[in-house]
Amino acid sequence: MRGSIDTVRLTPSRRASIAVAALCVLAGHAGRGAVAHADGADASDPANGVFFREPDKATRDRIDDLISQATTDSVTARRRARGELESLGYWSVEPLAGVIQATKDRDAPTRCASILTIDAIGESTGDRRAIDALRDVVVREDSSPYLAAFAALALGRWRDVAAPASFRKALAAPRVLEMLHAAVPFALARLRTQDAADVLRGQISDAGATEPVQSARLLALGFFPDAALAPGGAAPGPDLAAGLASRRRGEQQGALLGFMVATARARTGKDFFERVLAADPVPEVTALALLGLAAFDDAGVTDRLARAAAGGGPDAIREFACDLLVPRGDPAALETLLHVSRTAPSRRLVASSVLALGNIDSPEARDAVIERLQHKAPLVRAAAAVAAAGWVGLVPAASARDRAVAQIDARLGHGEADAKVRDVFQLARAVLLGERHDVKWPETGPDPLFASVRQTQRQRMLRAVNRHVERSLDLAKISNPQTDAELNPDDVPAMTMDLDTRGGLDSVPGNGDLPVPQGGGSLPTLPLGSVGSSRTSAWPELRDLKTELTRRPYFTAADLPLPPAAPTPSPSPSQK
């Protein structure tokens, strides 16, 4: 029997067959929805849950048409085609596997898109029929700089325990595939087997690796705490220490992220993060050390974050530190936050300080928030309204809630000039009066603020990890998610870095030992380009990969490793 995506055209006999199969489902497998097969297939069979193992002609033709759309110029059309193939699931796998293996008849973009789609199907359904094709691509493919890397990432997502053997062969080959060398460490980190650790440690000693590849290896090492940490688990081991001592900023960031990952579940390493900050590192490393320190709840950490928010460093670092203070609600930061809210030149920083004050149970903090409802900057006024809405249910804040509603009514009554702030005020008023509960605050600035400050420290860490994955895979150059047009890199001056205060760090890729501004120096950011800058239609495969990594981040909380095993104590003489 064959299945169709067009149920309207089913013949009466086919409808009868479906009815019989449906009865088999109900009678043979209560509650799980898998089909009982007459051939005795076990539960691991990818065909379980599929009425027809073979699609009809219309469905086969539709699959072929969707595969052909992998090379269209429209990013949206490519994404939709992959999504429809993914929804067809079981029927799509064999045609896609055939495309992956068609080294002569299919172009690289089509094969890369097929790998992305099979990756998604395999991760969601457990269908691994293409696993041999992916292993073969990793070992043999050299017609494209991307194919082997895409396949390696897919094997990592599938946690293929046999993949390390393929990776060994691929890395030993004379092929020069930079992206493959950067992708393999991340795939090994997803596996977290002893065999995977052995492969990674064998690669990390490669002194000739480029910055993106070596930084990928250092980050991946963090998923193997026994290899990443020094005895005791509170300091980096020799490989991470060497990465932190490197002159290359990418390696410093990869090593510090690796240390953060290795210690995440054990909640160790606070003293080390403080030592990193005391050394006055470059801004990218400063931000990561602050993020690592934010995992600890004591007042001393709050004080360190508050000093960073009030200090003389770049605005991006101060804003990031203040964002980390928001969920803490620690009175130890009260005086510093009051000072920042009154004196900081950055409106984004003032807004963050107001949100942090809103979470502190103090009359003085609440007075400052209410006062900022009249601030001249729209972003600050909106932040004050959001902060005041958080007082619902707090008994000591009853009077402050009434005052906040009165201030909001007055502002709305006189005609709030900013439409976005008006929307926030109306939502906040409804929350304060008990008319609304769960609301999604509309953003009023150019970058997310209200969504950002709700992130936990672990969410921010994972976001930074996944952004580092993108940088190592050379995806940072993809800034336009809508079309394949990008600024010609020859027309864009090289930049050292761009700090992303929303939860991670963005660095322009490269091997740069370029100077980074220290202290109060400004942070250069990637420009949008001058008028008339030429554009290039390039990297469709990388753009599709970045789209998928945004939809399905490579690392999640489930990937964080357990703490290193405690050493077994030696028996005492009396026990021998």
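Burial is expressed here as relative accessible area, with residues called buried under 20%, exposed over 50% and partly exposed in between (1.4 Å probe, protein chains only). The structure is a predicted model, in which local features need pLDDT of at least 70 and side-chain atom pairs count only at pLDDT 80 or more, whereas totals for chains, interfaces and linings use all residues. Residues are numbered from 1 along each chain as its sequence is written, and side-chain values use heavy atoms, with hydrogens and water left out.

Confidence is reported as pLDDT, the predictor's own estimate for each residue on a scale from 0 to 100. The protein chain has an average pLDDT of 84, and 80% of the residues score at least 70. Over residues 6-43, however, the pLDDT is below 50, and this stretch has 31 contacts in the model beyond near neighbours in sequence; a contact denotes heavy atoms within 4.5 Å. Residues 501-536 likewise stay under 50, with 115 contacts beyond four places in sequence. Where pLDDT is low, the predicted coordinates should not be read in detail.

Salt bridges were assigned where a side-chain nitrogen of Lys or Arg lies within 4 Å of a carboxyl oxygen of Asp or Glu, and the count comes to 37. Glu-123 takes part in a salt bridge with Arg-190, at 3.6 Å from N to O. This pair links distant parts of the chain, with Arg-190 in helix α9 (residues 178-191) and Glu-123 in helix α5 (residues 108-125), 67 residues apart. Helices are DSSP runs (H or I, at least four residues), numbered from the N terminus. Arg-190 is buried, at a relative accessible area of 5%, while Glu-123 is partly exposed, at 34%. Glu-123 also meets Arg-552 in a salt bridge of 2.5 Å, N to O. Because Glu-123 lies in helix α5 and Arg-552 in the segment after α27 (540-551), this second pair ties together parts that are 429 residues apart in sequence. Arg-552 counts as buried, with 12% relative accessibility.

Helix α26 (residues 457-472) comprises 16 residues and reaches 23 Å from its first C-alpha to its last, close to the 22 Å expected at 1.5 Å a residue; the expected span is 1.5 Å times one less than the number of residues. Of the 16 residues of α26, 13 are buried, so the helix is largely enclosed by the rest of the structure. Just after α26, Asp-474 adopts a positive phi of about 65°. The side chain of Asp-474 forms a salt bridge with that of Lys-477 (2.9 Å, N to O). Asp-474 is partly exposed at 28% relative accessible area, and Lys-477 is partly exposed at 26%.

Aromatic pairs were defined by ring centres of Phe, Tyr and Trp (its six-membered ring) within 6.5 Å, with planes under 30 degrees apart counted as stacked, over 60 as edge-to-face and the rest as tilted. The count comes to 6 aromatic pairs. Tyr-554 and Phe-555 form an edge-to-face pair, 5.2 Å centre to centre with 90° between the planes, and both residues are buried. Together with Phe-186 and Phe-223, Tyr-554 and Phe-555 form one aromatic cluster.

Definitions and conventions:
Helices (H or I, at least four residues) and strands (E, at least two) are DSSP runs, numbered from the N terminus.
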